[in-house]
Amino acid sequence: MSLLTTVLAAETHVELPMPTWAYGAIAIVVFIALSFVVWSFKDVANRHSHRSAPDAAAHAGAPGATHHGSGHPTQGH
């Protein structure tokens with residue numbers, strides 16, 4: 001008798017600890033809970049702009065600070 005026939009012959013039915021719909025319900029509840037956690041961190045950086053304002057002002061005069069999207073200036077090498 002080969003291993004395959006032994007495994008197929010030994011197949012038994014295992015009862016799940018809860019109904020199958022409960023696994024989906026748990027997954028939905030976990031997804032909603034995690035999405036609430038992500039939503040709670042929405043706009044956190046803007047809530048604390050008073051702490052970063054001096055640093056942002058210091059970087060405002062950096063080369064390329066007013067030219068967003070234009071890429072890096074060429075180095076002339």
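## Briefing on a predicted helical model

Read along the sequence, the protein follows the pattern α-α-α-α, with four helices and zero strands (DSSP runs numbered from the N terminus, helices being H or I of at least four residues and strands E of at least two). This is a predicted model, in which local features need pLDDT of at least 70, side-chain atom pairs count only at pLDDT 80 or more, and totals for chains, interfaces and linings use all residues. Residues are numbered from 1 along each chain as its sequence is written, and side-chain values use heavy atoms, leaving out hydrogens and water.

**Confidence**
- The average pLDDT (the predictor's confidence in each residue, from 0 to 100) is 77, and 57% of the residues score at least 70.
- Confidence is highest in helix 2 (residues 20-40), at a mean of 96, and lowest in helix 4 (residues 49-59), at 67.
- Where pLDDT is low, the predicted coordinates should not be read in detail.

**Exposure**
- Of the 77 residues, 1% count as buried (under 20% relative accessible area, with exposed over 50% and partly exposed in between, for a 1.4 Å probe and protein chains only).
- L34, which lies in helix 2, is exposed, with a relative accessible area of 52%.
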